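The sequence and structure are shown first.

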Amino acid sequence: MKQPHARLTILALGTLSLLLASAVQASDTDPRETLKLSAAQRDHVLEEMRALLAGTQQIVDALARDDMAAVASAAQPLGMGMAHKAENHLQGALPRDFMQRGMSVHKRFDQIATDATTKKDPRLTLQQLSGTLAQCVSCHNSYQLQPSDVSASASDHAHHEHHDMHTPMKP
C-alpha cells in the first residue's frame with residue numbers, strides 16, 4: 001500500500017468515528033431537528049444508514065488493498081438502486097431537505113462505483129468518499145430520529161420485514 005493512501009484511509013476512518021460519536025450524543029439540549037417516525041419508518045432509515053456505513057467500510061478496506069473492482073462492487077449497492085427501495089411509507093414523513101441529502105448521498109455512491117470502474121484512481125475515490133461522508137456528517141448534525149407515538153401499520157411492518165438493504169460484510 002502506498003503511504004499517501006494509508007494516511008487518507010486513516011483520515012477516512014477517523015471521520016467515520018466522529019460521525020458515530022455525534023450520532024450517539026443526542027440529548028435534551030440537542031439543537032438538531034427531531035424527526036418523529038413510526039417504528040417501521042425509523043427502523044427503515046436506521047437500517048439504510050447502517051448499510052451505508054458498512055458499505056463505506058468496505059470501500060475503505062478495498063482502497064487500502066488498492067482493489068478498485070472491490071470499491072465499485074461495494075459502492076454500487078449504495079447508489080440510487082438503494083434509494084428506489086425507499087418505499088411509500090416514508091413519503092411525507094421526512095423533510096424535503098433530509099430526502100434531498102439522502103438522494104445526494106446515493107448519487108455520490110453511484111458516481112464512486114462508476115469512476116472506480118472507469119478511472120481506477122484511488123485518490124479520486126478518497127476525495128469522492130470524503131465529500132460523501134461530509135454529506136452524512138452534515139445530515140447527522142442537522143437531524144435526529146425519534147419514534148413517534150403512532151404505531152406502525154401492519155403494511156409498514158410487513159413491508160419492512162421483506163425489505164433487505166444490508167450490504168454483506170466481508171471478513
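The model is predicted. In it, H2 and H5 cross with a left-handed sense. The residues in contact are Val45, Glu48, Met49, Leu52, Thr56 and Ile59 on the H2 side, and Phe98, Val105, His106 and Phe109 on the H5 side. Classified by type, this contact comprises seven nonpolar, two polar and one charged residues. The axes of H2 and H5 (residues 96-118) lie 13 Å apart at an angle of about 30°. Because angles under 35 degrees count as roughly parallel, H2 is roughly parallel to H5.

**Geometry of H2**

Helix H2 covers residues 39-64, 26 residues in number. At 1.5 Å a residue, H2 should span 38 Å, and the 37 Å between its end C-alpha atoms therefore agrees with that expectation. After H2 comes Asp66, which has a positive phi, near 55°.

**Helix pairs compared**

| Helix pair | Axis distance | Angle |
|---|---|---|
| H2 and H5 | 13 Å apart | about 30° |
| H5 and H6 | 10 Å apart | about 165° |
| H2 and H3 | within 8 Å | roughly 175° |

**H2 against H3**

Helix H3 spans residues 68-75, and its axis comes within 8 Å of that of H2, crossing at roughly 175°. H2 is therefore roughly antiparallel to H3. From H2, the contact draws on Gly55, Gln58, Ile59, Ala62 and Leu63; from H3, it draws on Met68, Ala70, Val71, Ala74 and Ala75. Eight nonpolar and two polar residues form this contact, with no charged residues. Ile59 of H2 is among the residues that touch H3, and Ile59 is also one of those that touch H5.

**H5 against H6**

Helix H6 (residues 122-142) packs on H5 with the axes 10 Å apart and an angle of about 165°. The two helices are therefore roughly antiparallel to each other, and their crossing is left-handed. H5 contributes Phe98, Arg101, Ser104, Val105, Arg108, Phe109, Gln111, Ile112 and Asp115 to the contact, while H6 contributes Leu124, Thr125, Gln128, Leu129, Gly131, Thr132, Gln135, Cys136, Ser138, Cys139 and Ser142. By class, these residues are eight nonpolar, nine polar and three charged.

**The aromatic pair**

How many aromatic pairs are counted? The count is one aromatic pair. Its members are Phe98 and Tyr143, whose ring centres are 5.4 Å apart; their planes stand at 80°, so the pair is edge-to-face. Phe98 belongs to H5 and Tyr143 to strand S2 (residues 143-147), and the pair thus links distant parts of the chain, 45 residues apart. Phe98 also takes part in the contact of H5 with H2 and in that of H5 with H6.

Conventions
Residues numbered from 1 in each chain as written. Predicted model: local features only at pLDDT ≥ 70, side-chain atom pairs only at ≥ 80, totals over all residues. Heavy atoms only, no water. Helix = DSSP H or I, 4+ residues; strand = E, 2+ residues; numbered from the N terminus. Expected span 1.5 Å × (residues − 1). Axes fitted to C-alpha atoms, helices over the stretch in contact; angles between N-to-C directions. Parallel < 35°, antiparallel > 145°, perpendicular 65-115°, else oblique. Left-handed = near helix turned anticlockwise from the far one by under 90°. Contact = heavy atoms within 4.5 Å. Nonpolar A, V, L, I, M, F, W, Y, C, P; charged D, E, K, R; others polar. Phe/Tyr/Trp six-rings, centres within 6.5 Å; stacked < 30°, edge-to-face > 60°.
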